[in-house]
Amino acid sequence: MKPGDKTQRLKQIVSYYESFLNLSNNAVFVADPRLVILDASKRFCDICHIKMGEIAGLALKDLLFGQDASNTEYLIQLLLTTIKKGKIEKQSFNFSDKGQQCYFEINATLLNKNGGSSSLIICSMNDVTELKSAKNTAFENKRKLMTLLDNLNGFAYRCRNDKNWTMEFVSAAFTKITGYRVEDIIGNNKLTYNDIIIADDRDRIWDEVQEALSENRSFDLEYQIKTADGNTVYVEEQGVGVYSEETGELVALEGYINDITSKVEEHNALIKSEEKYRRLIETTSEGFWLIDTNSKTLDINNSLCKILGYAREEVLGKTPFEFVDKENFQIFKHQISQNKSNEQRVYDIELKNKNGNNIPCLFNATTIYDHNDKYAGSFAFVTDIREQKRGLLVQKILYNISKSTTSDGDLGKLIEIIQREVNQIVDTTNFYVALYDKETDMLSFPYYSDTHDKFKKYPARKTLTKIVIDSKKPLLANPKTKEELVRQGLLDYVGTKSKVWLGAPLKFEDTVFGVFAVQNYNDENAYNEDDMEIMEIIADQISISIHSKQTDVELKLALKKATESDRLKSSFLQNISHEIRTPMNGILGFTGLLLNSSISAEEMQEYVGIINESGNRMLATLDDVMNISLLETDQVEVVKSVINVNDELKNQYGYFLQEAENMDLEFDLATKLPHIKAGISTDHKKFNTIVSNLLDNAFKYTSKGKIEFGYFHEHGFLRFYVSDTGIGIPSDRLEAIFESFVQAEVKDVKAKEGTGLGLSIAKAYVELLGGKIWAESKIDKGTTFYFTIPYQPIRQTGGKAAATSGKTGLNAFNLKILIAEDEEVSSEFLNIIMADYCREVMFAKNGIETLNITKENPDLDLIFMDIKLPLMSGYKASREIRKFNKNVVIIAQTAYAAQGDKDKALNAGCNYYFSKPIDAEELIKTILMHFK
């Protein structure tokens with residue numbers, strides 16, 4: 001090596017050495033045999049409170065550690081020992097610095113010890129202050145725990161899950177309760193815990209503990225034990241299973257056992273003393289009320305508690321006068337005044353319950369005399385006669401509803417009669433009947449009488465009506481109930497909020513087909529539990545009447561619909577034949593012309609354009625048929641993402657602008673929200689399909705004038721519109737145009753092109769997104785289509801910036817991933833888009849191979865799990881993986897995307913779900929959000 005190279009090498013070594021000193025967390029210094037500091041790390045300088053540039057050349061004896069010079073003397077002695085022995089290891093060194101105790105562990109080495117003055121001492125001081133503090137804390141916690149355990153009335157334990165309940169630990173109170181010594185029971189030294197449990201309880205205890213362990217819950221036991229002196233003691237035990245964090249296996253049981261003998265004996269004595277008396281008054285369904293000579297309540301039974309709505313403790317000591325209004329107070333006052341002279345009395349009175357409602361009751365009162373025939377009070381049996389009185393009214397209402405079923409009129413007329421009859425019992429000012437379509441999860445409202453809202457159709461989803469449908473039970477919902485349902489994720493508010501809502505299910509052969517409901521916008525107490533009971537009773541007759549009327553109406557419409565169906569079927573088949581044959585003729589015809597070698601380049605370009613246009617038209621036809629098929633079989637799922645409606649509508653405007661110019665039509669776009677407030681979460685593809693279909697429809701039926709589209713904000717929704725000056729739609733066809741295969745009745749042949757599915761697809765998508773769609777039109781004046789979607793603004797940060805930062809962030813994670821995919825194209829696609837973000841990519845082609853690779857690679861960060869894997873499905877593989885690996889991120893993917901797949905994947909243990917084709921940008925954004 002050349003001298004220059006050696007010099008460079010020495011400089012490099014010196015640089016490494018200086019970096020080590022500056023970066024080391026230990027306090028390191030180098031001294032010569034005279035104990036003069038040659039060099040030191042920043043940490044050592046900080047301890048000595050000396051700047052790094054001033055430490056070299058100072059003698060160790062001139063340094064001060066803390067406030068006591070003896071600390072320096074002690075360190076000097078350690079270094080003198082190092083010079084003598086050549087090395088010292090793990091020597092303790094501590095001092096107080098600014099009121100804080102510091103602890104160090106010292107290691108020192110003598111270098112070149114035979115070289116005399118050229119020797120060096122290297123000393124490293126490792127700060128163990130936090131470790132020392134942790135040990136002290138652990139010791140103190142253990143001491144406190146043992147003090148606590150030793151002073152408990154019961155004893156804590158840890159034992160094995162075996163038939164002997166082999167004890168590994170019991171606290172000191174074990175001896176106080178059982179009389180046995182702690183050392184006798186540990187490890188079954190002289191006896192087992194099972195030995196002191198009485199024989200009759202042993203099998204039961206074993207079975208209850210094992211059942212609790214199998215369900216992964218705690219156990220609560222009561223049983224008897226035999227003490228060392230032969231006595232029987234009742235104990236209460238509470239315990240849990242303790243499981244290994246590594247294997248998940250049960251390793252022990254831990255719990256607490258307490259002596260409850262005195263509590264049990266007191267309880268048994270109380271039960272015995274009251275049993276005869278309580279049996280008498282509790283077995284009756286009538287209320288029992290016992291008062292003393294001052295009319296104060298001595299006792300009541302549960303039946304009376306139910307009538308009054310008060311707990312027993314709330315009534316004891318009070319007089320009956322406190323449970324009536326002014327009018328009934330006079331009745332009570334008169335009747336109780338007769339106690340001394342009239343031994344038996346029967347009378348009607350209305351009691352006021354806890355909710356403030358009057359309950360009609362029948363009192364059968366008897367005077368009580370003591371053994372000296374002196375007046376001692378009275379008791380009464382109280383019968384709730386609400387049902388008797390209401391029963392007569394309900395029977396009348398049911399009769400009138402039943403009678404109205406056979407009268408002339410449509411379903412709306414019948415429900416109007418029902419509203420009038422039910423109003424005799426509850427306020428039906430705001431009243432509606434909703435019919436439920438299970439296939440579409442939609443509600444239709446044949447009758448809606450309300451002071452605030454008006455609905456014709458609405459998605460059932462998370463509504464109070466749907467909750468009643470699912471539970472098959474009536475529901476009384478005040479603001480508190482509603483807020484709890486919202487918190488549980490079961491309810492989304494629709495329309496104007498009412499103070500109280502009451503609904504009952506309409507059933508036929510135990511199947512709920514609808515709900516009738518009332519609500520009040522001003523008074524939270526407008527309805528109560530009693531009203532709900534009556535609603536449930538009346539609901540049975542209403543169900544029969546509505547179902548009967550529906551059947552009658554449906555029979556009358558059946559013939560008309562059958563005829564219309566035949567016409568629509570023929571029309572649709574003709575349409576489809578035309579829509580497929582026309583572009584096919586273009587494709588085949590002009591493909592044949594291309595085979596003619598004599599055509600010019602311009603003609604060839606023209607023919608290719610016609611072929612392309614014909615192909616696109618046929619593809620659009622097939623797309624419409626496929627989309628309507630998926631919608632009718634409930635196979636369409638809403639996949640939400642954040643979009644900006646201003647951007648989306650501008651894209652649509654740009655797409656249709658050329659067509660507008662070609663047709664010489666005025667074409668305008670109006671957006672009402674600023675860009676920053678136009679961000680919402682919805683299904684991007686479905687939203688654009690709706691707008692595109694409505695614009696297609698407008699251009700199809702408009703030959704001159706203007707087409708305008710846009711939106712505005714109203715009542716928590718965005719209302720979009722597409723308006724044209726086209727041929728218009730007859731008023732009797734405004735609802736029919738949204739049905740599948742139906743088109744407006746027009747003579748224009750060009751306007752009749754298409755499958756007739758565009759508007760029905762748009763309608764289905766709007767309802768899936770939580771909105772509604774309708775049209776307004778005048779013949780030869782034009783048509784305006786409206787649709788709404790919920791508006792919950794989301795502020796956007798910008799998609800491109802997020803994607804860029806996402807890639808940078810992911811690259812920093814250096815992920816190890818597994819692609820579980822049996823299709824090579826899909827596997828390679830994932831490999832390509834993740835290549836920049838991974839340190840290692842692994843592949844599996846079936847579920848079993850996926851499971852094995854995951855077991856062998858516990859450091860996996862991410863698994864792409866195809867749901868339809870061979871040998872073992874992705875669902876099962878995910879569930880198996882979650883048994884031994886809770887941390888790896890699993891992203892489910894499928895090409896089928898059937899409804900329910902997402903929930904099944906998440907329930908199987910997957911973190912996220914994507915349907916193919918996968919949006920690479922959205923995938924990267926999701927992974928970034930998780931790992932950052």
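Me: Which residues does Q893 touch, once residues up to four places away in sequence are not counted?

Reply: Begin with the contact list, then ask where the residue sits. In this predicted model, Q893 touches A820, E821, L830, F864, M865, D866, I867, F914, K916 and I918. Q893 itself belongs to strand β32, which covers residues 889-894.

Me: Is Q893 buried or exposed?

Reply: Compare the relative accessible area with the cut-off: under 20% is buried. Q893 has a relative accessible area of 1%, so Q893 is buried.

Me: How much of the protein is buried, and how many helices and strands does the protein have?

Reply: Buried residues account for 42% of the 932 residues. The secondary structure comes to 28 helices and 33 strands.

Me: How do I read a nonpolar core, and which residues touch the most other members of the largest one?

Reply: The largest nonpolar core has 41 residues, and V645, F687, F720 and F787 touch the most other members. Elements that each supply at least two residues of this core are α20 (645-662), α21 (684-700), β25 (706-714), β26 (717-724), α22 (758-768), β27 (773-778) and β28 (782-790). The most comes from α21, with 7 residues.

Me: What is V645 in contact with, leaving aside neighbours within four places in sequence?

Reply: V645 is in contact with A678, I680, F687, Y711, L718 and F720.

Me: Now the outside. Which residues form a nonpolar patch on the surface?

Reply: One such patch is formed by L38, L111, L120 and I122, with about 280 Å² of accessible area together. Take L111 as an example: L111 is in strand β4, residues 100-111. With a relative accessible area of 37%, L111 is partly exposed.

Me: And T109, what does T109 touch beyond four places in sequence?

Reply: T109 also lies in strand β4, and is partly exposed at 31% relative accessible area. T109 touches T82, G86, K87, L120, I121 and I122. Among these partners, L120 and I122 are members of the nonpolar patch. For a sense of spacing, T109 and K85 are 24 residues apart in sequence and 9.1 Å apart in space, C-alpha to C-alpha.

Me: How many salt bridges are there in the whole structure?

Reply: A search finds 28. For each pair, read the N to O distance, then the sequence spacing, then the exposure. R487 and E484 meet at 2.6 Å, N to O. These two residues are 3 apart in helix α17 (residues 479-487), so about one helical turn separates R487 and E484. R487 is exposed at 62% relative accessible area, whereas E484 is partly exposed at 31%.

Me: Which parts does the pair D510 and K472 tie together, and why?

Reply: The side chains of D510 and K472 form a salt bridge at 3.7 Å, N to O. D510 lies in the loop between β20 (500-508) and β21 (511-520), and K472 in the loop between α16 (464-471) and β19 (475-477), so the pair ties together parts 38 residues apart in sequence. D510 counts as exposed at 52% relative accessibility, and K472 as partly exposed at 33%.

Me: What about R217 and E215?

Reply: R217 forms a salt bridge with E215, with the closest N and O atoms 2.6 Å apart. R217 is partly exposed at 38%, and E215 is partly exposed at 46%. Salt bridges can also be linked in a network, as with K816, R839, E840, D859 and D861.

Me: Where does pLDDT stay under 50?

Reply: Check the average before the stretches. The protein averages a pLDDT of 83, and 83% of the residues score at least 70. The value stays under 50 over residues 744-752, for which the model has 15 contacts beyond four places in sequence. It also stays under 50 over residues 797-811, again with 15 contacts beyond four places in sequence.

Technical notes
Residues are numbered from 1 along each chain as its sequence is written. This is a predicted model: local features need pLDDT of at least 70, side-chain atom pairs count only at pLDDT 80 or more; totals for chains, interfaces and linings use all residues. Side-chain values use heavy atoms; hydrogens and water are left out. Helices (H or I, at least four residues) and strands (E, at least two) are DSSP runs, numbered from the N terminus. Buried means under 20% relative accessible area, exposed over 50%, partly exposed in between (1.4 Å probe, protein chains only). Patches are made of residues with over 30% relative accessible area and no salt bridge: like charges are joined within 9 Å, nonpolar side chains (Val, Leu, Ile, Met, Phe, Trp, Tyr) within 5 Å. Accessible areas come from the Shrake-Rupley method with a 1.4 Å probe; for residues, only the protein chains shown count as cover. A salt bridge is a side-chain nitrogen of Lys or Arg within 4 Å of a carboxyl oxygen of Asp or Glu. A nonpolar core is a set of buried Ala, Val, Leu, Ile, Met, Phe, Trp, Tyr and Cys residues joined through side-chain atoms within 4.5 Å. Contact means heavy atoms within 4.5 Å. pLDDT is the predictor's confidence in each residue, from 0 to 100.
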